Amino acid sequence: MAGLGDSLLMQQLPSLLVAVPLSFVPLLYFLEKVGVPARGAALAGMGLCLLLSFLPWVEGTELPISASPGGWGGLLGIELLLDGRARLFLPVISAGVFVSALFGTRWSQRWPLSFYTLVFLLFTGANGLLLTNDLFNAFVFVEIAGIATHALVAFRGDGDGLESAFKYLMAAAVGGILILWGIVLVFTATGTLWIPLAAERLADAPPVFVAGAAVLLASGIALKGGLVPMHAWKADGLAGAPSAVAALLSGPILTALFGFGLRILYGLFGGFPVMEGASAVTGGVEGSFGVLGSAGEVRELLRGMVFVVAVSSIVAGHVMALAQSRMKRMLAYSSIAHMGYIVVGVGAGGEAALAAALTHAITHAFMKVGWFFVCGELRRTRGTDRIAAARGAFREAPWLGGAAILFSMSLVGIPPAAGFGSKWVLVLESANAGAWGGAVAIAAGGALALPYYLRIVVRGFEPGRPRAATPVPWDSSESPSCPEPAAELAAELPEGAPPHDTTGALGVRAVAILVCAALILGGFAGYGLLFSEAFSVATELVGSVL
Amino acid sequence: MGAIIMTTVLGLTGIAIYGLLTRRHLIRLVICFNVLEIAVLLAIVYAGFVEGGQAPIVGGAEAAYVSALPHAVALTAIVIAASSTALMLAYVVRIYRTRGSVRIERVRRWRG
């Protein structure tokens, strides 16, 4: 291992992390032509990417690693920068993608080539978004990941999937345009899109450009991530997607967006005055504080707005989740609430709160991916993701129930599980920063979240099965007024669609992996390690401001 | 010049946002998205505008030359918008086939 730290491999690692998943997009097609099954090739490729994403953790690696494909440098060319923040998030994205692909859906068995090609595109976009140090590229990567995701959401090809995909695509496309507007303003003010140089020049730019760019970038990211004023698409967008795709959306994509938001916040807008208890939306709003400078009133006003967004995300997310009768929608609303937690952490400022936000982003990604697999298993055995249909499911498969309990404990924040630690720090730190609204909302959020997870767990362990015991492909009983007869839906299915139970063994394996992840993250030692890593990343980010 | 372009940009943005919020026809939503995109493209190209500027070709420019970056961004954004639009229209066609309408109130099954 000697010399690995400064070998050519390590120097080019940022480029490889984008290039390897991208090269598998055409490679899968050619490999299949010569007889290699797409699924095997894809899993091997994802394993390779997972391995690459752990390389920066090798002893003796000096961060940040900067790579500039073509050797043009950041000003004329492209710079990919692997810093502590990227190192922390890369394995989360890779592991999330790998496990989701391992699980797959019955549709991924029907059309494995299309499915895995799209997953690799999404992977490329997510990794690139995390690594890029250039706004132009960031926009391209956002859209690469986005378009792959929209196609995956509609992968089932039925009415529900299409409705989801169209809503999601509309929301994300408008979010993309907001980000583009922010980029235009940054370019107008600075004449460059290379983040370090733009940040330097933004310091002297007219405040109206800075504030405008910050607000537009932040709202674009918030729209794509589904924070409260712009959350309406999210549950609909996830409800029609296959479980594995919903997991991809809630895990890797949200993580990459959060990582990008941090890069914008600290890299472009120079962070914000930490110790004064200022606060933020996702990306840039508070970034402008640094430049708007002494305008204390503006800062207070924006800080108030930010906490309104975060707190209303938490409250609305949990309350709406409580009202849902279908599991995927419930989980989607719960994701909105958890994004709210993270924004409170970023907004409260300071190393500890930021570290807790990072840790919470990671635990949320894993636990939500895990819950979507439980949901996928229930959908496989019961034919629907309705909560009422879960009756008796955990009694038949206790390992599934155990996994569900573990993931729920972590998401609700019950002590031995991973979610507790980050929540605890978030509550303490936001209270320290004087953000009592955030502290109370996070604490109350757990109380709101407990009933809706408990409801599923209790229902799952009840004896007996639901009355409609035979799995139906799509529950068209949802709204009788709908002009969508079941026969028409059945006609939509391609001939010889695989039966429900073909993913069984794989699903079991995927959940087992996640259970292990939950145990590792949940154990105090593992959690402590994760938190201390997050803390050093947070210190680095905050330190770059002062 | 600048005033005319910025007025056009803002006007187009206003029309598009109004349309996105009020129209119930899926194809019209797609068109509104495209109008919004065109407004941004106009703004991007204008951001790189230099009075009397020349193309940034090595050895060719004597006067002030124009940065090629906004044009590259605009071209990329056009490609991305085109693929998003293609995807949206494909969904609209499929939605029409499965649900028999392209009006939001007849198509949507979920709310809340």
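Q: Before we start, when does a residue count as buried here?
A: A residue is buried if 20 or more other C-beta atoms lie within 10 Å of its own. Keep in mind that this is a predicted model.

Q: What span should helix 19 of chain A have?
A: Its 15 residues, 398-412, should span 21 Å at 1.5 Å a residue. The end C-alpha atoms are 21 Å apart, which agrees.

Q: What follows helix 19 of chain A?
A: Gly413(A) follows, and its phi is positive, near 95°.

Q: Zoom out. What is the secondary structure of chain A?
A: Chain A has 24 helices and 2 strands. Of its 546 residues, 61% are buried.

Q: And how many of its contacts join residues at least 24 apart?
A: Take the contacts in chain A between residues at least 6 apart in sequence: 76% of them join residues at least 24 apart.

Q: How many residues are in the largest nonpolar core?
A: That core has 220 residues. Those with the most contacts inside it include Leu122(A), Leu130(A), Leu169(A) and Val40(B).

Q: Which helix gives the largest share of this core?
A: Helix 9 of chain A, residues 159-190, with 21 residues.

Q: Where is Leu169(A) found?
A: Leu169(A) is in helix 9 of chain A. Leu169(A) has 26 other C-beta atoms within 10 Å, so this residue is buried.

Q: Let's do the chain contact. How many residues come from chain A and chain B?
A: Chain A puts in 35 residues and chain B 31.

Q: Which elements of chain B give two or more residues to that side?
A: Helix 2, helix 3 and helix 4 of chain B. Helix 3 of chain B gives the most, 15 residues.

Q: How does the chain B side divide by class?
A: The side of chain B that touches chain A has 18 nonpolar, 7 polar and 6 charged residues.

Q: At what angle do helix 2 and helix 3 of chain B pack?
A: The angle is about 180°, and the axes are 10 Å apart. Helix 2 of chain B is therefore roughly antiparallel to helix 3 of chain B.

Q: Which residues make the contact between those two helices?
A: From helix 2 of chain B, they include Val30(B), Glu37(B), Val40(B) and Ile44(B). From helix 3 of chain B, they include Ala74(B), Ala81(B), Met88(B) and Val92(B). The contact divides into 18 nonpolar, 3 polar and 1 charged.

Q: Back to chain A. Is Leu129(A) buried or exposed?
A: Leu129(A) is buried, because it has 27 C-beta neighbours inside 10 Å. Leu129(A) lies in helix 7 of chain A, residues 112-131.

Technical notes
Residues numbered from 1 in each chain as written. Chains lettered and ligands numbered in written order. Predicted model: local features only at pLDDT ≥ 70, side-chain atom pairs only at ≥ 80, totals over all residues. Core = buried A, V, L, I, M, F, W, Y, C linked by C-beta atoms within 7 Å. Buried ≥ 20, exposed ≤ 12 C-beta atoms within 10 Å, placed from the backbone. Helix = DSSP H or I, 4+ residues; strand = E, 2+ residues; numbered from the N terminus. Axes fitted to C-alpha atoms, helices over the stretch in contact; angles between N-to-C directions. Parallel < 35°, antiparallel > 145°, perpendicular 65-115°, else oblique. Contact = placed C-beta atoms within 7 Å. Nonpolar A, V, L, I, M, F, W, Y, C, P; charged D, E, K, R; others polar. Expected span 1.5 Å × (residues − 1).
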